Amino acid sequence: MIEALRKAYDGELSLTGKEIIQQLMDNAEIASLEKVPMCQDTGYAVVFVELGQDVHIEGGLLEDAINEGVRRGYTEGYLRKSIVGHPLERVNTGDNTPAVIHIKLVPGEQIKIIVAPKGGGSENMSAIKMLKPAEGVEGVRKFILDTVRAAGPNPCPPIIVGVGIGGTMEKAALIAKEALLRPAGMPNPRPEIAKLESEFLNDVNALGIGPQGLGGIYTALAVHVEIYPAHIASLPVAVNINCHASRHREAIL
Amino acid sequence: MITKIKLTTPLSDEVVEKLRIGQKVLLNGVLYTGRDAAHKKMIELLDNGESLPVELKGQIIYYVGPSPAKPGRVIGSAGPTTSGRMDAYVPRLLALGLKGMIGKGKRTPEVIKAMKQYKAIYFAAVGGAAALISKCIKEAEVVAYPELGPEAIHRLVVEDFPAIVVNDTLGGDLYDEGTKIYAAK
C-alpha cells in the first residue's frame, strides 16, 4: 500500500493532492512506529475463514472463538468499538462484536483466517445494481463511474475499488469484497479482466476527484475486478470501495 | 509551500467572513467533537426547548469518534468522519452561532446555504490521517453523553490542527472547484 501511495505521490499533478498523500504516508509511519491505529475507524471486523474440510474443531464453536478474538483484539488493542447491536435501536455492543464471518470449505487440514476490518465511511459509498445483460461492459463501466463519482470525497480517496461482476446479488457483493483482499494493484490472473481493471482505473482517475476529493488525478490507487458465472437473465455488478487504509492480516492454523 | 492561516477559537464573524475556499488553516484552541448520535440528542433537546450541554456560540464542531487512548496518551487516533450524515441537523446549530465544522466529504445545498446565511465555515481535515492529527490534540475530556462511547461529546484543546476551507460564507465549494480542474475534458 505504501508503494502504491509513493507512486501516486510521484504522479499526482495537484500540489494539495501531493501534500495530502505525503500526510497519509507520514500518518502510516506514525501509526506503525507508535503502534496506534492509522484511522480512528478501526472498522467492522470482517473475517474470511478458509476451513480445510479435514479439520475437526473441538471444545467450542468456531464463531464464538472468532468473536472472542475480536472482543480481545479491540479491547486490549485500544481499537474503537464501532458496532451497534440493533440497526434501528443503535446501542453500542461495547466490544466491537459480532464479526461478519464468511466461511469457505476448502481441501486440506488447515484453517486460514483473514481479518479485513472495514471502515464505515468507505463501506457506505458502496453500491450494487442488477444490470441487463445487454448493457455489457459499458454498463459495468458506467455503474462503476457513477458510484465513484457519487462517493466523491466521502470514502477518503485515494481509494481501492473492488468490483464483483456476475453470480447472484449476494455473490456479486461478496466477490467485490474479496477483490479488495488482493494487494493494491495486483492484477486479476485472467488477462481479459486485468485489461478491464487497467481501463477502469484510467476511467476512474479521469473523474478528477483526486486525493480527499479536492481535485487531482489519483482518485483510485487500483481497481480490482472478480467475476463469477451469471444467470442468462442477469448481469449483477457490485462496487465495494475501500479507503487507502486497506488493513488485512492473515494467519494459518 | 502555501502559507497557512492561524485561527484561534472562538471565531468571530469578521474572521470567518475573510476565509475563502482552498485556504489552508491551522486551528488552535477548543474544538467540540460530535457525530451522529450526539447531534440527534442535541436536536432532541432543542425540540424540547432545553439548552445544549455545551455553548456552541463561536465554536467549531469536529466530526470525529476517536479510538480509545492508550495509557499515557491524551487521545487515540482521531481523524474526521463523513460530514454528510450530520447535514440534517446542522442548520439549527448554525442558527445558534456555531461558526465552524470539521469533517470530510460534501455538504448538502441546504447546509451550504445556511453557512452563507449564518456566516460559518466548513473545513476538511485529511480523512485517514488519524494518527498524525491526534498529535495536535493536547487535551481531551468527555463533556456530554459519556454513554455514547466514541460518539460522546469531547472538549479538545488543539494546537495547529491542519485543515482546509471547503465551503466559505460566499457559498463556494472546493470539492466542486478542485474536481473541475482535474476532470478529463
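Figure 1. A residue counts as buried if 20 or more other C-beta atoms lie within 10 Å of its own, as exposed if 12 or fewer do, and as partly exposed in between, with C-beta atoms placed from the backbone. This is a predicted model, in which local features need pLDDT of at least 70 and side-chain atom pairs count only at pLDDT 80 or more, whereas totals for chains, interfaces and linings use all residues. Residues are numbered from 1 along each chain as its sequence is written, and chains are lettered from A and ligands numbered from 1 in the order in which they are written. B:Lys119 belongs to the loop between helix H4 (109-118) and strand E5 (121-124) of chain B. Helices (H or I, at least four residues) and strands (E, at least two) are DSSP runs, numbered from the N terminus. Although B:Lys119 is not a glycine, its phi is positive, about 60°. Most residues other than glycine have a negative phi, and most peptide bonds are trans.

**Figure 2. The loop between H3 and E2 of chain A contains A:Asn96.** A:Asn96 is not a glycine, yet it has a positive phi of about 65°. This residue counts as buried because it has 23 C-beta neighbours inside 10 Å. A:Pro98 is also placed in the loop between helix H3 (62-76) and strand E2 (100-106) of chain A. The peptide bond that joins A:Thr97 and A:Pro98 is cis, with omega about 0°.

**Figure 3. A cis peptide bond leads from B:Thr9 to B:Pro10.** Its omega is near -5°. B:Pro10 is found in the loop between strand E1 (4-8) and helix H1 (13-18) of chain B.

**Figure 4. An open sheet of four strands in chain A has the order E4-E7-E5-E6.** The pairing in this sheet is mixed; two strands pair if DSSP finds at least two bridges between them. Strand E4 (127-131) and strand E6 (220-230) of chain A are the edge strands, each pairing on one side only. From one strand to the next, the twist averages 15°. E4(A) pairs with strand E7 (residues 235-242) of chain A in the antiparallel sense, over five bridges. A:Lys129 has A:Val237 as its bridge partner in E7(A). Helix H6 (residues 169-179) of chain A packs on the sheet and touches E4, strand E5 (159-167), E6 and E7 of chain A. The direction of this helix makes about 145° with that of E5(A). Axes are lines fitted to C-alpha atoms, for helices over the stretch in contact, and angles run from 0 to 180 degrees between N-to-C directions. Two residues are in contact if their C-beta atoms, placed from the backbone, lie within 7 Å.

**Figure 5. Helix H5 (residues 136-151) of chain A has its buried residues along one face, because they fall within an arc of 125° seen down the helix axis.** The arc is that of the directions from the helix axis to the C-beta atoms. The buried residues are A:Val140, A:Phe143, A:Ile144, A:Thr147, A:Val148 and A:Ala151. An α-helix has 3.6 residues a turn, so residues three or four places apart point the same way. E4, E5, helix H7 (191-205) and E7 of chain A are among the elements that cover the buried residues of H5(A). On the face turned away from the buried side are the exposed residues A:Glu138 and A:Ala150. A:Gly152 follows H5(A) and has a positive phi near 50°.

Figure 6. B:Tyr175 counts as buried because it has 23 C-beta neighbours inside 10 Å. B:Lys106 is 69 residues away along the chain, and the two C-alpha atoms are separated by 7.2 Å.

**Figure 7. The contact between the chains takes 41 residues from chain A and 36 residues from chain B.** Helix H2 (residues 15-34) of chain A supplies eight residues, the largest share of the side of chain A that touches chain B.

Conventions. The expected span of a helix is 1.5 Å times one less than its number of residues.
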